[in-house]
Amino acid sequence: MYASLKNSNNLPLYNPMYNIIHRLKEIISKANMIQFCLIVLIGVNLIKAIVHLLFKILQLNDIQFKEELINPEQPVLTVTILTSALILVPIVETALFQTFIYQFKRWLHFNNATIVLISAVCFCMIHNFILLYMICTFFGGSIFMYVYILRSEDNKKTYWSVALAHSILNAFALFMVLIFNTL
């Protein structure tokens, strides 16, 4: 018994975190487009809520780098903002921050963790309105890249799955701004 526990091949079976991650990978890779988008929406917003909670608990002040696209105090949505946020931005950002960076893995033989980190840093740097938002988009970018990798391993319409999930996440964020005046 002790010898089998020392064997590294058997260790993941006894690690509950490994089992959770492995099961989540299975669910994401087998999910249809709607299920996939809901999983991403829940995952990104759960992390966003945790980051916001940590900022509140630690009483951290946010740092504003540039003016936000939509003022949460007086939200005004124009056709340009809606078209950009729901169609153009998800398509372009998925191409740049997932598809293009994923090619680095093939060209330079980077491992998955490296390209997730590169993608997340690039994704958060382009969303440089306020520090809290950048932190949230870092984790969001990590999730987008990670699920991109998972979907690409199973050839599950990778690009359009992530672009649609990004669009739905943006729609949810716009809804939150309009209803609750918060990002």
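Helix H3, spanning residues 33-57, packs against helix H6, residues 131-153, at an angle of about 150°, and their axes are 10 Å apart. Because angles over 145 degrees count as roughly antiparallel, H3 is roughly antiparallel to H6. The crossing of H3 past H6 is right-handed. The model is a predicted one, and the values given here are computed from it. For readers new to such descriptions, two packed helices are described by the angle between their axes and by the distance between those axes.

On the H3 side, the contacts are made by Met33, Phe36, Val40, Gly43, Val44, Ile47, Lys48, Val51, His52 and Phe55. Their partners in H6 are Leu131, Leu132, Ile135, Cys136, Phe139, Gly140, Ile143, Phe144, Val147 and Arg151.

The chain has 7 helices and 0 strands, and from the N terminus on its elements run α-α-α-α-α-α-α. Of its 183 residues, 33% count as buried. Among contacts between residues at least 6 apart in sequence, 70% join residues at least 24 apart.

Helix H6 also meets helix H4. H4 and H6 pack at an angle of about 60°, with their axes 10 Å apart. This angle makes H4 oblique to H6, and H4 passes H6 in a right-handed crossing. Here Phe97, Gln98, Thr99, Tyr102 and Lys105 in H4 meet Gly141, Phe144, Met145, Tyr148, Ile149 and Ser152 in H6.

Glutamine 98 lies in helix H4, residues 79-108, and counts as buried because its relative accessibility is 0%, where buried means under 20%. Not counting residues up to four places away in sequence, glutamine 98 touches Glu93, Ser119, Gly141, Phe144, Met145, Tyr148 and Val162.

Leaving aside its neighbours within four places in sequence, asparagine 170 is in contact with Ala85, Leu86, Val89 and Pro90. Asparagine 170 and leucine 82 are 88 residues apart in sequence, yet their C-alpha atoms are 9.3 Å apart in space.

A search of the whole structure finds 10 aromatic pairs. In one of them, the rings of phenylalanine 100 and tryptophan 107 have their centres 6.3 Å apart and their planes at 80°, so the pair is edge-to-face. Phenylalanine 100 is partly exposed, with a relative accessible area of 44%, while tryptophan 107 is exposed, at 51%. Phenylalanine 138 and phenylalanine 139 form an edge-to-face pair as well, with 5.4 Å from centre to centre and 80° between the planes. Phenylalanine 138 counts as partly exposed at 24% relative accessibility, and phenylalanine 139 is also partly exposed, with a relative accessible area of 33%.

Most residues other than glycine have a negative phi. Glutamine 59, although not a glycine, has a positive phi of about 50°. Glutamine 59 is found in the loop between H3 and H4 and is exposed, with a relative accessible area of 69%. Histidine 109 also has a positive phi, near 60°, in a residue other than glycine. Histidine 109 lies in the loop between H4 and helix H5, residues 112-126, and counts as exposed at 69% relative accessibility.

Technical notes:
Residues are numbered from 1 along each chain as its sequence is written. This is a predicted model: local features need pLDDT of at least 70, side-chain atom pairs count only at pLDDT 80 or more; totals for chains, interfaces and linings use all residues. Side-chain values use heavy atoms; hydrogens and water are left out. Rings of Phe, Tyr and Trp (its six-membered ring) pair if their centres lie within 6.5 Å; planes under 30 degrees apart count as stacked, over 60 as edge-to-face and the rest as tilted. Buried means under 20% relative accessible area, exposed over 50%, partly exposed in between (1.4 Å probe, protein chains only). Axes are lines fitted to C-alpha atoms, for helices over the stretch in contact, and angles run from 0 to 180 degrees between N-to-C directions. Helices (H or I, at least four residues) and strands (E, at least two) are DSSP runs, numbered from the N terminus. Angles under 35 degrees count as roughly parallel, over 145 as roughly antiparallel, 65 to 115 as roughly perpendicular and the rest as oblique. A crossing is left-handed if the near helix is turned anticlockwise from the far one by less than a right angle, and right-handed if clockwise. Contact means heavy atoms within 4.5 Å.
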